[in-house]
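Thanks, everyone. I will take a few minutes on one model and go through a pocket and the helices around it.

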Amino acid sequence: MQETLGVLLYAPWIYVVVAASILLDVFVPVLPSGALVVTAATVAAGTAVDVAGLPSPTANPHLPQIFLLGACAITASFVGDLLAYGLALRGGRRFGGAIARSRRLTAAQERLDSALRRGGGPLVVLARFAPAGRAVVSLGAGVSRRRKREFLPWSALAAVVWTGYSVGIGYLGGQLLGASWFSTGLSVVALLAAGLVAARLLRPAPVAEPVAVPAPVEPGVS
């Protein structure tokens, strides 16, 4: 893995693939954009410069690749959210119907709508980690005609936090265990765990069932 992906990390198109995957997974949530970011970060933490036989311009040869990967991921994440928001803003009925036809997106929208009513903007960041959360939040913000200043700053923060976490766990795994499938797998598991925690936190609070109060018995009535 190290020899193959280490060289690929220096090919410009690998960043295009990562950016395109992140850009499009707001519309196609099944794309493995998170796994791609984690894998690229794991490889960047290995000895990619040595494998590729290229000179290192810095004391830490991995930092340029990490910064470039992070910049690509943040930009693609924010631009994807912006496109989804803009398209949903102009075609709210169509996107609302598309969400309604998907049981998964409908369930996610119900959970996230409830969560956003409780916590507001910060939960946009949390939703970025949840399965289908990014799609529901971005499209839902457009369908509900939220103002840009209410959504886009939180979307930008979500892009930075998600990218920082994804790149960070990949880089840490590569530093500690080397660029291997094992370290990549552990980093992906950490990313999935964050998604499960986010989905759990976004669940609506259970509604207590009303307690039936027995009707008062009138005197003399048996």
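The lining of the largest pocket draws at least two residues from each of α3, α9 (133–143) and α11. Helices here are DSSP runs of H or I with at least four residues, numbered from the N terminus. A pocket is computed on a 1 Å grid over the protein atoms alone, as an open set of points where a 1.4 Å probe fits, with protein on both sides within 12 Å along at least five of seven lines; lining residues have an atom within 4 Å of a point.

Some housekeeping. This is a predicted model, where local features need pLDDT of at least 70 and side-chain atom pairs count only at pLDDT 80 or more, while totals for chains, interfaces and linings use all residues. Residues are numbered from 1 along each chain as its sequence is written, and side-chain values use heavy atoms, with hydrogens and water left out.

Back to the largest pocket: its volume is about 510 Å³, taken as the space filled by probe spheres set on the grid points, which are joined across faces, edges and corners. It is lined by 23 residues, and P29, F129, A130, P131 and L192 are the closest to its centre. Which helix gives the most to this lining? That is α11, with five residues.

Helix α11 runs over residues 181–201 and reaches 30 Å from first to last C-alpha, close to the 30 Å expected; the expected span is 1.5 Å times one less than the number of residues. Its buried residues (under 20% relative accessible area, 1.4 Å probe, protein chains only; exposed is over 50%, partly exposed in between) are S183, T184, S187, V188, L191, A194, G195, A198 and A199. They cover an arc of only 165° around the axis, so they sit on the same side of α11; the arc is that of the directions from the helix axis to the C-beta atoms. On the other side, F182, V189, L192, L196, R200 and L201 are exposed. The cover over the buried residues includes α3 (33–44), α8 (122–127) and α10 (148–177).

Now α3. Ten of its twelve residues are buried, so the rest of the structure largely encloses it. One of them is S33, with a relative accessible area of 3%. Its side chain makes a polar contact with that of D25 at 2.3 Å; such a contact is a pair of N or O atoms within 3.5 Å, and within protein one must be able to donate a hydrogen and the other to accept it, with residues adjacent in sequence counting only if both atoms are side-chain atoms. Beyond four places in sequence, S33 is in contact (heavy atoms within 4.5 Å) with S21, I22, D25 and W162.
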